[in-house]
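Subject: The structure, and what turned up in it

Hi,

Here is the structure I promised to send over. Have a look at it first, then read on for my notes.

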Amino acid sequence: MSIKQKVRDNHLVYKSFKSVKNKILSYTPDDVFMKKQYKKRLGKELDLENPSTFNEKIQWLKLNNRKDLYTICADKYAVRSYIEQNISDDILIKLHGVYDSAEEIDFDKLPKSFVLKVTHGSGQNILCTNKDELDLNLTTRRLKNFLSDNLFYNTREWVYKNIPPRIVCEEFLIEDGKPPRDYKFFCFNGKPTIVQVDEDRFAEHRRNMYDLEWNLLDFKFCYSNSSKPILPPKNLDKMIEYATTLSKGMPFVRVDFYEVNGKVYFGEMTFYPENGSGKFYPEEYDAKFGELIKLPDSI
């Protein structure tokens, strides 16, 4: 077993390690950290003075456009109230519970399948298809580690910094025997413009990009295209309407939905896709997307 795995398996060690690491990272100014990380991931310098590409402008927004509303929208639990107030609770995934600690979860009361996620995380999810096969000790340990983490220090994604760490348990959505496709709407200044469609996220991840008329766009963003045509969701117009409402007044946000058995479900709101360092193929689309973001004149 590697030292890294041993640290992860011991919660007290993991928590102490993260605390020390975050304290060390906190001494590095946000802009310095972001420039270093950007150069490492994309192999070029980050221009925060005159940002022009999509990734550069996402980095600029991370540093300069910080509003309390964005923290609420990024919070996997608090965002439910935002959705209910602006759309309806009808599009929310069924909530089984919300917990301040892993020890609070009564697994005996949960259904056979469910999803566990932390309110302040990104990709820190546990998918349970059969509770009888779930390793409860490992699950509890992983959740405790998730709660100890703060993505802000490793990414400088500001919206996660002040979210109260909690655990959310939701219904496990299934479409044709597997997790449904993600329909992710890139909204520029309150206007949905591009739809990113992700499928087989937990197996052979594929991603297509479409305009709102469902024309496949001739570029790739981080992942290869699907090998088969993807039909538009039945509720595409509703998704566009909802994304418009939820993104109002925001320079950029990605609003995600699912469609299961003809019904729309809200997924999440993401302000910094791929942490502002996602690779476009061809690279020129980074600049084309950048033109769509109109940065605020003042903050």
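Helices (H or I, at least four residues) and strands (E, at least two) are DSSP runs, numbered from the N terminus.

Two housekeeping points. This is a predicted model, so to speak of local features pLDDT has to be at least 70, side-chain atom pairs count only at pLDDT 80 or more, and totals for chains, interfaces and linings use all residues. Residues are numbered from 1 along each chain as its sequence is written, and side-chain values use heavy atoms, with hydrogens and water left out.

**Helix H4**

With that in hand, H4 is mostly covered, since 9 of its 11 residues are buried. Those are Phe54, Asn55, Glu56, Lys57, Ile58, Gln59, Trp60, Leu61 and Lys62. What do the buried residues of H4 pack against? The list is H3, helix H8 (151-155), strand E5 (182-188), strand E9 (252-260), strand E11 (280-281) and H10.

The pairing with H10 can be described in some detail. Helix H4 (residues 54-64) and helix H10 (residues 284-292) have axes 6 Å apart and pack at an angle of about 50°. Axes here are lines fitted to C-alpha atoms, for helices over the stretch in contact, and angles run from 0 to 180 degrees between N-to-C directions. Angles under 35 degrees count as roughly parallel, over 145 as roughly antiparallel, 65 to 115 as roughly perpendicular and the rest as oblique. H4 and H10 are therefore oblique to each other. On the H4 side, Phe54, Asn55 and Lys57 meet Asp286, Phe289, Gly290 and Glu291 of H10, where contact means heavy atoms within 4.5 Å. Sorted by class, this H4 contact with H10 has 2 nonpolar, 2 polar and 3 charged residues. (Ala, Val, Leu, Ile, Met, Phe, Trp, Tyr, Cys and Pro count as nonpolar, Asp, Glu, Lys and Arg as charged, and the others, Gly among them, as polar.)

The loop between helix H3 (30-42) and H4 holds Asn50. Asn50 is exposed, at a relative accessible area of 58%.

A polar atom of its side chain lies 2.9 Å from the backbone oxygen of Ile93. That is a polar contact: a pair of N or O atoms within 3.5 Å, where within protein one must be able to donate a hydrogen and the other to accept it, and residues adjacent in sequence count only if both atoms are side-chain atoms. Not counting residues up to four places away in sequence, Arg80 touches Leu92, Ile93, Leu95 and Glu170.

Leu92 sits in the loop between H6 and strand E1 (95-99) and is buried, at 12% relative accessible area. Setting aside neighbours within four places in sequence, Leu92 is in contact with Arg80, Ile83, Tyr265 and Phe266.

**Some loop residues**

- Asn130 is in the loop between strand E3 (125-128) and helix H7 (136-148). Asn130 is buried, with a relative accessible area of 17%, and its side chain reaches the backbone nitrogen of Asp132 at 3.0 Å.
- Asp176 is in the loop between strand E4 (167-170) and E5. Its phi is near 55°, a positive value in a residue other than glycine, and Asp176 counts as exposed at 73% relative accessibility.
- Cys222, in the loop between strand E8 (220-221) and helix H9 (236-246), is not a glycine but has a positive phi of about 75°. At 28% relative accessibility, Cys222 counts as partly exposed.
- Pro282 is in the loop between E11 and H10, and a cis peptide bond with omega of about 0° joins Tyr281 and Pro282.

**The whole protein**

The protein has 10 helices and 11 strands. Its radius of gyration is 19 Å, close to the 19 Å that the globule rule gives for 299 residues, so the protein is as compact as a globular protein of that length. (The radius is taken over C-alpha atoms, and the rule is 2.2 Å times the number of residues to the power 0.38.) Buried residues make up 50% of the 299 residues.

Cheers

Definitions and conventions. Buried means under 20% relative accessible area, exposed over 50%, partly exposed in between (1.4 Å probe, protein chains only).
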